[in-house]
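Welcome! Take a moment with the sequence and the 3D view below, and then we will walk through some of the details together.

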Amino acid sequence: MRPICERCQAKTGWRDEARICSYECTFCPECAESMASICPNCGGGLVVRPHRAEAL
């Protein structure tokens, strides 16, 4: 999971909302929505990235 959106380079740190595919490609919510929640890299669905316990 990356700390920036792969499309617009917006911050997607551990405390920020992000969307990921099964390969952990990372996008901000706005970019994911504009792509109909489909990863442009693999064609998989983009879902809300879970938060890690140490990041809360």
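Arg 19 is buried, with a relative accessible area of 17%. Here buried means under 20% relative accessible area, exposed means over 50%, and partly exposed lies in between, using a 1.4 Å probe and protein chains only. Before going on, please note that this is a predicted model, in which local features need pLDDT of at least 70, side-chain atom pairs count only at pLDDT 80 or more, and totals for chains, interfaces and linings use all residues. Residues are numbered from 1 along each chain as its sequence is written, and side-chain values use heavy atoms, leaving out hydrogens and water.

**Salt bridges**

How many salt bridges does a search of the whole structure find? The search finds two, where a salt bridge is a side-chain nitrogen of Lys or Arg within 4 Å of a carboxyl oxygen of Asp or Glu. Here they are:

| Residues | N to O distance |
|---|---|
| Arg 2 and Glu 6 | 2.8 Å |
| Arg 19 and Glu 17 | 3.3 Å |

Arg 2 is partly exposed at 39% relative accessibility, and Glu 6 is partly exposed at 29%. In the other pair, Arg 19 is buried, whereas Glu 17 counts as exposed at 52%.

**The nonpolar core**

A nonpolar core is a set of buried Ala, Val, Leu, Ile, Met, Phe, Trp, Tyr and Cys residues joined through side-chain atoms within 4.5 Å. The largest one here has 10 residues, among them Phe 27, Met 35, Cys 39 and Leu 46. In soluble globular proteins, nonpolar side chains tend to be buried together.

Leaving aside residues up to four places away in sequence, Cys 39 touches Cys 21, Cys 25, Phe 27, Gly 44 and Leu 46; a contact means heavy atoms within 4.5 Å.

**Cysteines without disulfides**

How many disulfides does a search of the whole structure find? The search finds zero, a disulfide being a pair of cysteine sulfur atoms within 2.5 Å. Cys 8, for instance, is in no disulfide, and its nearest cysteine sulfur, in Cys 31, is 3.7 Å away. Cys 8 is partly exposed, at 39% relative accessible area.

**One more residue**

Finally, look at Gln 9, which is partly exposed, with a relative accessible area of 49%. The C-alpha atoms of Gln 9 and Phe 27 are separated by 8.5 Å, and the two residues are 18 residues apart along the chain.
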